[in-house]
Amino acid sequence: MGAAPLLEVKNLVKHFPIYKGWLLSRQVGSVKAVDGVTFTINRGETLGLVGESGCGKSTTGRLILRLIEPTSGEVWFEGNNVLSLDREQMRALRKDMQIIFQDPYASLNPRMTVGDIIGEPLRIHGIASGREREKRVKELLEVVGLSSYHARRYPHEFSGGQRQRIGVARALAVNPKLIVCDEPVSALDVSIQAQVINLLQDLQEQYGLTYLFIAHDLSVVKHISDRVAVMYLGKIVELTDKNSLYQNPLHPYTKALLSAIPIPDPTLVRERTLLEGDVPSPINPPSGCRFHTRCPVAEEICKHQEPAFEDVGGGHYVACHLVKKSQ
Ligand code: SF4
């Protein structure tokens, strides 16, 4: 039997209520942002979580850390039921579960020095104070490829890539076990993206970190992920190890996302699958398979019956009626 996963997410749901009427007193519907998501992450592993904007991937990351409260479902971290913890227990657990945000401009307080930003989690968790905290901050700056003298500067004095390094240092300060990387490179220039991804990979090796790496593009997570989950309209539609996903994608949505990635070799031609239409509204998702309104191979059954999310062999999970038929 393998070791227990570090993180286990079971049937996680987040429906944001929509209110209307006088003093917003009447609930008229809900945004089904996350609608029954299940996955595990093993220690030292990186799980890539990918999908178009609005598919619920960032909400999933925030639900795991309880930055927003789930509607239902379960989150287990090292055998602890995260959703049953009280405020004090949750505060202690946050030391082990950190987040790096997408926007390195908005996520750093412009009025705080970099030293105070990185030192803040050390203060909140009572880990280090005074000289000891200063020393730790300087060490962290060097770990992420900045210099100790940067501690006295303010966020506006740094480039986007450097700011994201500050965000990484802040997340690392409390020696976390899991880091939710919420589109950490999406706001950066392509040339800088690889540097930040390489840094995250080096730190993972050095400190045995576990990552949930959220991105809207399959090419971004390719190098860093061990396994990849693809989300569409609040649900995971495919989850498998990296090689299977990129070499043998089974879900039509994954195939379409992959076909949109340019191939660097001009002699190779890849068949493009263009997705028609926009992502439907999560307020009123399509019946049956949620992808049926855009799926190039949809059949009648797809409109009425939701496909189960099942292991079709070797830990390759897919939710598609046609894939099951061909097994
Ligand atoms: Fe397409 Fe049907 Fe499979 Fe959904 S279940 S992905 S609509 S073929």
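Mentor: Two strands count as paired if DSSP finds at least two bridges between them; strands (E, at least two residues) and helices (H or I, at least four) are DSSP runs, numbered from the N terminus. In this predicted model, local features need pLDDT of at least 70 and side-chain atom pairs pLDDT 80 or more, while totals for chains, interfaces and linings use all residues. Residues are numbered from 1 along each chain as its sequence is written, and side-chain values use heavy atoms, with hydrogens and water left out.

Trainee: What makes strand 1 and strand 2 a pair?

Mentor: Strand 1 (residues 7-20) and strand 2 are joined by 12 bridges, and the definition asks for at least two, so they pair. They run antiparallel. One of the bridges links L12 with V37 in strand 2.

Trainee: Why are strand 2 and strand 5 called edge strands?

Mentor: The open sheet has 4 strands in the order 2-1-4-5, with antiparallel pairing. Strand 2 (26-41) and strand 5 (80-81) each pair on one side only.

Trainee: How do you know whether L140 is buried or exposed?

Mentor: Buried means under 20% relative accessible area, exposed over 50%, and partly exposed in between (1.4 Å probe, protein chains only). L140 has a relative accessible area of 2%, so L140 is buried. L140 sits in helix 4 (residues 130-143).

Trainee: Which residues touch L140, leaving aside its neighbours within four places in sequence?

Mentor: Contact means heavy atoms within 4.5 Å. On that basis L140 is in contact with I118, A169, L172 and A173. I118 is itself one of the buried residues of helix 3 (residues 114-124), which also include V114, I117 and L122. The buried residues of helix 3 pack against helix 4 and helix 5 (160-172). Just after helix 3, G126 has a positive phi of about 60°.

Trainee: What makes the protein chain as compact as a globular protein of its length?

Mentor: First the make-up: the protein chain has 11 helices and 12 strands. The radius of gyration is 21 Å, close to the 20 Å that the globule rule gives for 327 residues, so the chain is as compact as a globular protein of that length. The radius is taken over C-alpha atoms, and the rule is 2.2 Å times the number of residues to the power 0.38. The C-alpha atoms fill a box of roughly 70 × 60 × 50 Å along the principal axes.

Trainee: How many of the 327 residues count as buried?

Mentor: In the protein chain, 47% of the 327 residues count as buried. Of the contacts between residues at least 6 apart in sequence, 64% join residues at least 24 apart.
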